[in-house]
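Please have a look at the model first.

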Amino acid sequence: MPVTPEQQAQIDEERAQTRQTLRATSEGMEKHLYTAIPVLDHGFVRVIDYMGDDAAICQAARVSYGKGTKSVQNDEGLIRYLMRHWHSTPFEMCEIKLHVKLPVFVARQWIRHRTANVNEYSARYSILDREFYIPAPEHLAAQSVVNNQGRGETLSGEDAARVLEILKADSSRAYDHYAQMISDEEGSVGLARELARMNLPANIYTQWYWKVDLHNLLHFLRLRADAHAQYEIRVYADAICNVVADWVPFAFKAFEDYRMGAVSMSVQMMDSLRRMLKGEEVTQENSGMSAREWREFMGVIEG
């Protein structure tokens with residue numbers, strides 16, 4: 001269960017409290033405050049706090065660019081202009097603080113995005129819960145034969161059952177040993193928690209508070225909500241996408257159009273495309289592209 005009864009009671013208490021404020025608020029974001037969005041088998045994402053909205057992006061841009069934005073007739077048009085031309089500072093005026101519960105191996109991917117403020121649950125001071133990520137059978141896959149960091153065909157039958165049994169048994173055994181090492185019962189001296197934790201597997205759950213500005217959050221989402229991202233981090237990114245769409249709808253729509261739904265082409269790709277439009281026969285050999293880049297190019301133009 002992602003949220004314990006005690007955590008749910010705390011969430012209900014927080015949502016029941018209302019505060020008068022003069023600061024700008026986002027109606028779409030207010031409905032997400034404190035609510036835990038389930039992810040994977042034991043994980044969740046919930047909004048703790050936020051700052052700014054679509055109007056804050058425009059406010060910052062107009063202060064920065066002054067008369068240069070007077071030709072833009074509305075906030076949505078301005079935001080789309082900023083996104084289209086890769087302006088970043090106005091989007092940094094919005095921030096979000098999330099409470100995330102996630103498997104350790106997902107956290108280690110996530111932490112590679114170094115432009116956020118993070119405070120993680122400490123297993124030096126506290127005892128980790130007995131909660132492990134065990135994939136659903138449909139998410140067990142063999143190693144990809146074309147991508148060294150990706151998945152291939154889904155495992156089935158005895159192969160899937162064997163892997164699930166190994167994951168469950170190893171997780172349970174590791175936690176049993178962890179509990180035994182830190183125990184000080186029967187007069188024994190328990191091992192320090194900071195040492196005992198090294199025996200735990202990477203699929204155990206951790207938690208952290210993660211605060212980031214909108215510009216860097218969108219960069220995170222562009223990479224982690226992509227179809228090529230690992231499933232276990234992609235589902236977190238998808239959940240955050242739904243929150244951001246309600247928080248800053250104009251900015252998120254521009255992000256979908258100019259980042260998520262757009263493609264980037266090299267000089268060789270653009271040259272090849274122009275030659276194709278003129279009726280020339282273009283092949284990988286005369287395109288100036290490597291075989292891999294050519295496959296990517298053909299994937300873009302063929303859909």
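The notes below go through the nonpolar cores, the aromatic pairs, the salt bridges and a surface patch.

This is a predicted model, in which local features need pLDDT of at least 70 and side-chain atom pairs count only at pLDDT 80 or more, while totals for chains, interfaces and linings use all residues. Residues are numbered from 1 along each chain as its sequence is written, and side-chain values use heavy atoms, with hydrogens and water left out.

**Nonpolar cores**

- The largest nonpolar core has 56 residues; a core here is a set of buried Ala, Val, Leu, Ile, Met, Phe, Trp, Tyr and Cys residues joined through side-chain atoms within 4.5 Å.
- Buried stands for under 20% relative accessible area, exposed for over 50%, and partly exposed for what lies in between (1.4 Å probe, protein chains only).
- Helix 9, spanning residues 231-247, gives the most to this core, with 10 residues; helices (H or I, at least four residues) and strands (E, at least two) are DSSP runs numbered from the N terminus.
- A second, separate core has 10 residues, among them Ala123, Leu128, Tyr175 and Leu200.
- Back in the largest core, the residues with the most contacts inside it are Trp110, Leu214, Leu217, Leu221, Tyr236, Val244 and Trp247.
- Leaving aside neighbours within four places in sequence, Leu217 is in contact (heavy atoms within 4.5 Å) with Ile96, Trp210, Val212, Ile240, Val244 and Trp247.
- As general background, nonpolar side chains in soluble globular proteins tend to be buried together.

**Aromatic pairs**

- The structure holds 11 aromatic pairs; rings of Phe, Tyr and Trp (its six-membered ring) pair if their centres lie within 6.5 Å, and planes under 30 degrees apart count as stacked, over 60 as edge-to-face and the rest as tilted.
- The pair of Trp110 and Tyr236 is edge-to-face, because the ring centres are 5.8 Å apart and the planes stand at 70°.
- Trp110 belongs to helix 5 (residues 104-110) and Tyr236 to helix 9, so their pairing ties together parts that are 126 residues apart in sequence.
- Trp110 counts as buried, at 0% relative accessibility, and Tyr236 counts as buried at 0% too.
- One aromatic cluster is formed by Trp110, Trp208, Trp210, Phe220 and Tyr236.

**Salt bridges**

- There are 15 salt bridges in the structure, each defined by a side-chain nitrogen of Lys or Arg within 4 Å of a carboxyl oxygen of Asp or Glu.
- Asp246 and Lys31 meet through their side chains in one of them (3.4 Å, N to O).
- Asp246 lies in helix 9 and Lys31 in the loop between helix 2 (27-30) and strand 1 (36-39), so this pair ties together parts that are 215 residues apart in sequence.
- Asp257 and Arg80 form a salt bridge at 2.9 Å, N to O; Asp257 sits in helix 10 (residues 249-260) and Arg80 in helix 4 (residues 75-84), 177 residues apart.
- Asp257 is partly exposed, at 28% relative accessibility.
- Asp176 and Arg130 form a salt bridge whose closest N and O atoms are 2.7 Å apart.
- Asp176 is in helix 6, and Arg130 is in the loop between strand 4 (117-120) and strand 5 (141-143), 46 residues apart.
- Through shared partners, salt bridges join Arg80, Lys253 and Asp257 into one network.

**Loop residue**

- Leu191 lies in the loop between helix 6 (157-182) and helix 7 (193-196), and Leu191 is partly exposed, with a relative accessible area of 33%.
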